[in-house]
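Thanks for coming. Please keep the sequence and the model in view.

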Amino acid sequence: DISATSSFGSLPHKEDHTSTRSQPPKMNSSMASGLLLDLEGQARETDESAYARMADESGESQGPSTGKVGRALIVASSIGACGMMALAAAPEGQSVDTLPRLAVATIELSSAEAKAGTGSFACELISLFVLTSIFLYGAVKHGWAGFTYVSKMQGLPAPSFFGLISVMILYGGPLLVLYGAATTQPLAAIAGAILDLIWLLLATVLGHALPLKKCEGMEATRHSQAIQGNVSLMGFHIFLIGVQLALITKSTPIVGSLAASCKHMAFGVQEVGLMLAVYIYLTQFVHMGASGFAGVAGYFGIPCPKLMGLGAALTLLVGSLALLAAPFGAKDLTFVSAFASVLGAASLIAFMLFATIFGHIFPMKKSDDAAEKGFQMNCIMRNDSIIGGLMFIIVLNAPYLL
């Protein structure tokens, strides 16, 4: 059973080395919708069997608790991501009350889980919400009319139809991912991730790769950076698909007969996703190096620029390599594997927060140009979603640190 030996998304238990993700209690559609849409609500009362995860065919077992370390990392990441967006929106006077409440909800729900002895259910939803937030942001910002106009400018036939399809994908992908995670239905989460991937691929090719061929200078650099960011987001969605493949059992509708094959595919899919996810960091490490980051630190007036530059370069290299190498120790070195994953993801989150605040939020606040502000806001939201993907990795691995 490859899922118990090499599936990064369902690491083996410390004691019995078997997959321990089990199934939550059944939810109807209204309950699931309420959970997904009322993210700022109060912590729910749970008992010892609530939010249990899907077990393997041999029987159900309770997964390990996220523990204080995992909850602290997720809470810190959520507050950082939400605070980052709140700070970014402040110059525009936009209402961002929901985002800080989201971080508060993380603390409340995590505390409820700790008292009930349950797993990382709420933290998983929070991380996936942050991962898919860029799609929801695009749907709200542009709407049907906006994407109809974009489709028309791209010369697509029936622009109104493509505008409608765009909005449906941007809303449908995240909601399916969240619904699949909330109800432990891997096919729903996989379908949502595929929709997000389709959108990312189209947006990258039409919005950045093709224009990149026709421009140069700073505009070309920005298109290249956007492509790298989108590739990273594709990687996290592919990784998510790999995690969900490991959860498919014989009782899963439609593909239950392929459960064994899905489990064998899970590790490879996850590792491909991780390679794409860290592509942006390794590219920046090679392109910038310690001297390049030192120059950036000096430009923004950060103390000890050479030391900060070296620290940034080492963070990108060590964090990326830790994420790539960790899955290979999932069978025999569970604690070491989980520690490497959490350390790598947490260090990259720290880098992302630092880079986003100094590289995008501050420049956006200083600019009076509407187009520049729009560009910086898009970068902020892209980075925020990447942080969500890193948070998801922490959620999966933190339980095995205790």
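His-223 lies in helix α9. Helices here (H or I, at least four residues) and strands (E, at least two) are DSSP runs, numbered from the N terminus. This is a predicted model, in which local features need pLDDT of at least 70 and side-chain atom pairs count only at pLDDT 80 or more, while totals for chains, interfaces and linings use all residues. Residues are numbered from 1 along each chain as its sequence is written, and side-chain values use heavy atoms, with hydrogens and water left out.

Is His-223 buried or exposed? His-223 is buried, with a relative accessible area of 13%. Buried means under 20% relative accessible area, exposed means over 50%, and partly exposed is in between (1.4 Å probe, protein chains only). Leaving aside neighbours within four places in sequence, His-223 is in contact with Gly-207, His-208, Pro-211, Leu-212 and Cys-215. Contact means heavy atoms within 4.5 Å. His-223 and Gly-207 are 16 residues apart in sequence, and their C-alpha atoms are 8.4 Å apart in space.

Next, another residue of that helix. Gln-244 is in helix α9, which covers residues 218-245. Gln-244 counts as buried because its relative accessibility is 3%. Not counting residues up to four places away in sequence, Gln-244 touches Pro-186, Ala-189 and Ile-190.

Now the charged pairs. How many salt bridges are there? The count is one, where a salt bridge is a side-chain nitrogen of Lys or Arg within 4 Å of a carboxyl oxygen of Asp or Glu. Arg-222 forms it with Glu-372, and the closest N and O atoms are 2.9 Å apart. This pair links distant parts of the chain, with Arg-222 in helix α9 and Glu-372 in helix α14, 150 residues apart. Arg-222 is partly exposed at 24% relative accessible area, whereas Glu-372 counts as buried at 18%.

Then the cysteines. Cys-123 is buried at 0% relative accessible area, and Cys-262 counts as buried at 8%. The disulfide count is zero, a disulfide being a pair of cysteine sulfur atoms within 2.5 Å.

What about the surface? Ile-194, Ile-198, Leu-201, Leu-202, Val-205, Leu-206 and Leu-210 make a nonpolar patch of about 550 Å². Patches are made of residues with over 30% relative accessible area and no salt bridge: like charges are joined within 9 Å, nonpolar side chains (Val, Leu, Ile, Met, Phe, Trp, Tyr) within 5 Å. Leu-210 is found in helix α8 (residues 186-212), and is partly exposed at 40%.

Last, the whole chain. The protein chain has 14 helices and zero strands. Buried residues make up 53% of its 402 residues. The chain exposes about 17700 Å², with carbon and sulfur atoms supplying 67% of it; accessible areas come from the Shrake-Rupley method with a 1.4 Å probe, and for residues only the protein chains shown count as cover.
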